[in-house]
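Student: Please take a close look at a single part of this model. Keep it brisk and connected.

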Amino acid sequence: MIEQAYVQAGDVTTPTIATLRDRISQAMDDTRGASVFERLNVWLQMPTDSTFFTGMLDSLCGERAKDVGDRLSRDTGGRYDPADLSAASDITAKWTAIGSILESGRAVTVKGPTGHVGGAMSKFKNKDGTGFHVIVLLATGQEQGGRRFVLGFDPDVSATAESRKAWVPFALGGAGTVAKVSAFSDARCTQVIKAMVLGDQQDGFGPLVRKYYVDTTATFPAIVRG
C-alpha cells in the first residue's frame, strides 16, 4: 500500500491548502438540485451502517472520482486521467506530467489495486488481493524536512481509523445509513460533507484527504480481477 499520512503544520502544497479548501468548498456548495442523500453520495462513499460491519452502500469509486474530479477542475481545463500506471513504460515521466497538471490546478484521477491506493482499513480491501479503487489527486506537496508527497482525496469513509471515527457521530445507531442521512437538513448535509473532506482546521483537511508518498520510479502493481 502507498504510505499515507495527514497534512501537518508546515506542509506546503501547490496549489496552496487555502486555494484547495476554497475550491472544494465552492464545489460542494454548488452540488445542489438533488436530494440530501444524493448530495452526500456525490462526495462520500458511505457504509451501510455506523459500525462498518455490514458493508458499503456502493462500489462506484470510478464514477464518483471522475465526477468529483470534474467538479474540481471546471475552471482549470478539466480532470486528467493518466495512462495506466502499472504499464511497463517510463513511470517517472508519467508522474512528472501528473505533478505539472496538479500544479496547474487540475484534479487527476488515479486507479490502482485497492490494497495499493486505498486506505489501510478500507472495506473494499479483499484478502485475495483482487479489486481496484480510484482516488482523486489534488496537489503536489513537500514537508518541512523536504519529503515530497501528492495530496489526494479518497471518498471511502471506511478507509482509515480517523475517517471511521469522524463518521460515527453523523450516523448514530446500528444500521440504516440511507434513512438516517436522508433525514438531514440541507445545512446538516453540507456540514457533514465538509467535516469529512475539509475538517475544521484552516491549514489542513478532514480524514478523507491524505498525503500519499508515491515512489515515482516504480509502476503500480497490476490490478487483479476477482
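Tutor: α2 and α3 are roughly perpendicular to each other (65 to 115 degrees; under 35 is roughly parallel, over 145 roughly antiparallel, the rest oblique). This is a predicted model, with local features needing pLDDT of at least 70 and side-chain atom pairs pLDDT 80 or more, while totals for chains, interfaces and linings use all residues. Residues are numbered from 1 along each chain, and side-chain values use heavy atoms, without hydrogens or water.

The axes of α2 and α3 come within 8 Å and cross at roughly 90°. Axes are lines fitted to C-alpha atoms over the stretch in contact, with angles from 0 to 180 degrees between N-to-C directions. Helices are DSSP runs of H or I, at least four residues; strands are E, at least two. From α2, N41, V42 and W43 meet R64, D67, V68 and R71 of α3 (contact: heavy atoms within 4.5 Å). By class, three of these residues are nonpolar, one is polar and three are charged.

Now follow W43. Beyond its neighbours within four places in sequence, W43 also touches I24, A27, M28, F153 and I193, among others. W43 is one of the members with the most partners in the largest nonpolar core, alongside L40, L44 and W167. That core has 42 residues (buried nonpolar side chains, Ala, Val, Leu, Ile, Met, Phe, Trp, Tyr and Cys, joined through atoms within 4.5 Å). α1 (17–29), α2 (36–43), α3 (61–71) and α8 (186–197) are among the elements supplying at least two core residues each.

Note on methods:
Buried means under 20% relative accessible area, exposed over 50%, partly exposed in between (1.4 Å probe, protein chains only). Ala, Val, Leu, Ile, Met, Phe, Trp, Tyr, Cys and Pro count as nonpolar, Asp, Glu, Lys and Arg as charged, and the others, Gly among them, as polar.
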